[in-house]
Amino acid sequence: MKKYLLLLGVLSLSSCQDGTLVEEAVLIGTDTNEAATLDNSINKKAKNIILFIGDGMGPSQVELARLSMGGANHRLSFENFPVTGIVLNSSAQNLYTDSAAAATTWAAGVKTKNGYLSVDADNKFLPTIPELLSIKGYLTGLVATSSITHATPAAFYAHINSRSKHKKIAEMLVESDIAIALGGGSEFFKLPLSDQAIHIIDNGNSLDQDDLAQHARVLGLFGEDGLDRRLSPPTQLKMTERALDFLDSKTSNCPGFFLMSEGSQIDWAGHDNNVKYMLAEFVDFDDSVAAATEFAKQDKETLILVTADHATGGLVLQKPKGSSIRAQWTTTSHDLSSINIYAYGPGAEKFSGVMDNTEIFDRMLQALDYENLDSNNCVN
Ligand SMILES: [Zn+2]
């Protein structure tokens, strides 16, 4: 199966009066990966959950990625999932959610104010899904191409009313029971940590060379802040694969694991109105979902969800002359495009139809039959 990495040749750039960009681009890819809907295990309980977040990934980003990676008959990895739904995503007191408020809905099931992380709009503590699952012996991993203290991953372990307090959020990660966290953000941690229980790695090669599973906890920091691809940090694919290996090997005697993996910079490319940047991030995101899907096909007990917090950039795809695509950005902010969710594996059937983003949290716990989980602790 061939993939086209440089998907669109940007022919021309022009600026609108408000500074947003129009990019006219040629469709280069040809069909490489046709639809092959995966089987679904209806009404079976899930043991593990992998939640993929494409930050800022609205339906136009998905459409453009599909067309440019393989053409009209192509399917992205998650477009072969058997269940899809639509997610409503306003935050408390704001139609336009940010990543912090959206991630709090998945992590804790409650709408909060933009900028808040797993505290409610009155600044009250909200238990997160990793915390709830850890009581039952589960392990949690987090992967992001931003700093690991950035809003989306942070909502899964931090409880604070400001997403910008990165150093405080970093302390909360160290104090949490997140078993493996891979991303950027070394400048926010007081390194070396006095807590020797956490194995720190800062070199992508260590991801392959170290026996990560011999450590109780792993923190991988591959950039000072967000990961800069020009410096060849580990890809989202590599980090997701290694986090999966770690969690899978350590939960053979445990109830299961929860992994969140974020394509953080799809959003940043939208803010930058940059199609080439967005597609490069999207290819890595799609590869990461494909690798996790292969794991889930073998494992048969893993639910995979793919969704977004909001769309970014007001991306509109238009028809110029000829066969190219005109990608017009209409804002440098978040927009109100509807968001999709794609589900595969046991419990996937719970994610069809139109749902509020807070319901994703509820349905994940239902898929695991949380109330009836044994509270066995891991022995390895
Ligand atoms: Zn954003």
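In the predicted model, the buried residues of helix H1 are Ser60, Gln61, Val62, Leu64, Ala65, Arg66, Ser68, Met69 and Gly70. Because nine of the 12 residues of H1 are buried, this helix is largely enclosed by the rest of the structure. The length of H1, which covers residues 59-70, agrees with expectation, since 12 residues at 1.5 Å a residue should span 16 Å and the end C-alpha atoms are 17 Å apart. Just after H1 comes Gly71, whose phi is positive, at about 95°.

Helix H7, formed by residues 236-250, can be described in the same terms. Its 15 residues should span 21 Å at 1.5 Å a residue, and the separation of its end C-alpha atoms, 21 Å, agrees with that value. H7 is mostly covered, with 12 of its 15 residues buried. The buried residues of H7 are Gln236, Leu237, Lys238, Met239, Thr240, Glu241, Arg242, Ala243, Leu244, Phe246, Leu247 and Lys250. These buried residues pack against strand E5 (139-147), strand E6, helix H6 (204-209), strand E8, strand E9 (257-263) and helix H9 (275-299).

Strand E8, one of the elements against which the buried residues of H7 pack, spans residues 217-221 and includes Val218. With 24 other C-beta atoms within 10 Å, Val218 is buried, because 20 or more such atoms are required for that assignment. When neighbours within four places in sequence are left aside, Val218 is in contact with Ile180, His199, Ile201, Leu212 and Phe246, and Phe246 is itself among the buried residues of H7. Val218 is also 8.0 Å from Leu182, C-alpha to C-alpha, although 36 residues separate the two in sequence.

A packed pair of helices is formed by H2 (residues 99-108) and H10 (residues 357-367), whose axes come within 6 Å and cross at roughly 25°. That angle makes H2 roughly parallel to H10, and H2 passes H10 in a right-handed crossing. On the side of H2 the contact is made by Ala102, Thr105, Trp106 and Ala108, and on the side of H10 by Asn357, Thr358, Ile360 and Phe361. The residues of this contact divide into five nonpolar and three polar, with no charged residue.

Several features of the backbone lie in loops. Ser118 is buried, with 25 other C-beta atoms within 10 Å, while Asn123 counts as exposed, with 12 C-beta neighbours inside 10 Å.

Pro192 lies in the loop between strand E6 (180-184) and strand E7 (198-201). Strand E6 is also among the elements against which the buried residues of H7 pack.

How values were computed
Residues numbered from 1 in each chain as written. Predicted model: local features only at pLDDT ≥ 70, side-chain atom pairs only at ≥ 80, totals over all residues. Helix = DSSP H or I, 4+ residues; strand = E, 2+ residues; numbered from the N terminus. Expected span 1.5 Å × (residues − 1). Axes fitted to C-alpha atoms, helices over the stretch in contact; angles between N-to-C directions. Parallel < 35°, antiparallel > 145°, perpendicular 65-115°, else oblique. Left-handed = near helix turned anticlockwise from the far one by under 90°. Contact = placed C-beta atoms within 7 Å. Nonpolar A, V, L, I, M, F, W, Y, C, P; charged D, E, K, R; others polar.
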